[in-house]
Amino acid sequence: MTELRQIRQLLEKQQVQLARAVAPQQPGPPPPPEKVQMSIGKGWYAIGRVDAPVMLVEFADYQCPYCKRFHTEAYAELKKTYIDTGKVRFVSRDLPLEFHPFALKAAEAVRCAGDQNKYWELRDSLYANAAPPNEEVIKKSVESLSLDEKGFQACMDSDKYKADVQKDASEAATLQISGTPTFVLAKSAKDKLDGIRMIGAQPFSAFQSAIDRLLKTEVAVKN
């Protein structure tokens, strides 16, 4: 009887451990912002006024579900409230993660679309698509934008932007940025950004409070 009781207790303990292991984990609060410095590069893909007082740089992966969440839940509000009103200049940079097989090709595709002035359109199309990017998703998005498909394919076949995408990823590594999406938020500057690193698909309210803080200090300095 004692042996049976011990076996039963052991089984119950294992069931509890198994239940904990398979239970969905609630995401914890995002880590607090850390200070970071980043040199400003030439040829960055950016929208918003050149003289906007604040710059927000995103390192993203087109196959990352959290990047998609940011773009479906926070980006539109950010664009309407800050980018379109001239307060924030938004920069898109690439950090394709190795375990996402189509992330690098998607990043190259968006840059190739940029050769036909459709960078932001293809970027938005890939994030808006319910399916993660693969060859078929990219192909359909390109068709929907009426791009010159021969020119686009020639750009892709030549790996024209592969090194540029990898350069973004290398710079992310030097900044100790390894996950997506990760943002650098700072006052605008000519050569170097001196700001904070924000990690993860944070809600619009988190960006709003951080941006408003910077805008207030900008006004205080001018006064």
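These are my notebook entries on a predicted model of one protein chain.

**Entry 1: the whole chain**

I began with the overall make-up. The protein chain holds nine helices and six strands. Of its 223 residues, 41% are buried. I then looked up the accessible surface, which comes to about 13200 Å², with 53% of that belonging to carbon and sulfur atoms. Next came the contacts with a separation of 6 or more: 78% of them join residues 24 or more positions apart.

**Entry 2: the sheet**

In what order do the strands of the sheet stand? I read the order as β1-β6-β5-β3-β4-β2, in an open sheet of six strands with mixed pairing. β1 (34–39) and β2 (45–47) are at the edges with a single partner strand each, so one side of each has no neighbour in the sheet.

For a closer look I picked one pair. Strand β3 (residues 54–60) runs parallel to strand β4 (residues 88–94), and seven bridges link the two.

**Entry 3: two helices side by side**

My next stop was helix α2 (residues 65–73) with helix α3 (residues 75–83). Their axes are 4 Å apart, and the helices pack at an angle of about 45°. Are they oblique or roughly parallel to each other? Angles under 35 degrees would count as roughly parallel, and α2 and α3 are therefore oblique.

I listed the residues that make the contact. From α2 come Phe70, His71 and Glu73, and from α3 come Tyr75, Ala76 and Leu78. By type, I noted four nonpolar residues, one polar and one charged in this contact.

**Entry 4: a serine in a helix**

Is Ser141 buried or exposed? I found Ser141 in helix α6 (residues 135–144). Its relative accessible area is 3%, and the cut-off for buried is under 20%, so Ser141 counts as buried. I then looked for its contacts, leaving aside neighbours within four places in sequence. Ser141 is in contact with Leu122, Ser125, Leu126 and Asn129.

**Entry 5: backbone details in the loops**

Where does the chain have a cis peptide bond? I found one joining Thr180 and Pro181, with omega about -10°. Pro181 belongs to the loop between α8 and β5 (182–187).

I also checked phi values. Asn117 has a phi near 60°, which is positive although the residue is not a glycine. I placed Asn117 in the loop between α4 (103–114) and α5 (119–128). Asn117 counts as exposed, at 66% relative accessibility.

Ser146 gave me another positive phi, about 55°, and Ser146 is not a glycine. The loop between α6 and α7 (149–157) is where Ser146 is found. With a relative accessibility of 65%, Ser146 counts as exposed.

Methods: Residues are numbered from 1 along each chain as its sequence is written. This is a predicted model: local features need pLDDT of at least 70, side-chain atom pairs count only at pLDDT 80 or more; totals for chains, interfaces and linings use all residues. Side-chain values use heavy atoms; hydrogens and water are left out. Axes are lines fitted to C-alpha atoms, for helices over the stretch in contact, and angles run from 0 to 180 degrees between N-to-C directions. Angles under 35 degrees count as roughly parallel, over 145 as roughly antiparallel, 65 to 115 as roughly perpendicular and the rest as oblique. Contact means heavy atoms within 4.5 Å. Ala, Val, Leu, Ile, Met, Phe, Trp, Tyr, Cys and Pro count as nonpolar, Asp, Glu, Lys and Arg as charged, and the others, Gly among them, as polar. Buried means under 20% relative accessible area, exposed over 50%, partly exposed in between (1.4 Å probe, protein chains only). Accessible areas come from the Shrake-Rupley method with a 1.4 Å probe; for residues, only the protein chains shown count as cover. Two strands pair if DSSP finds at least two bridges between them.
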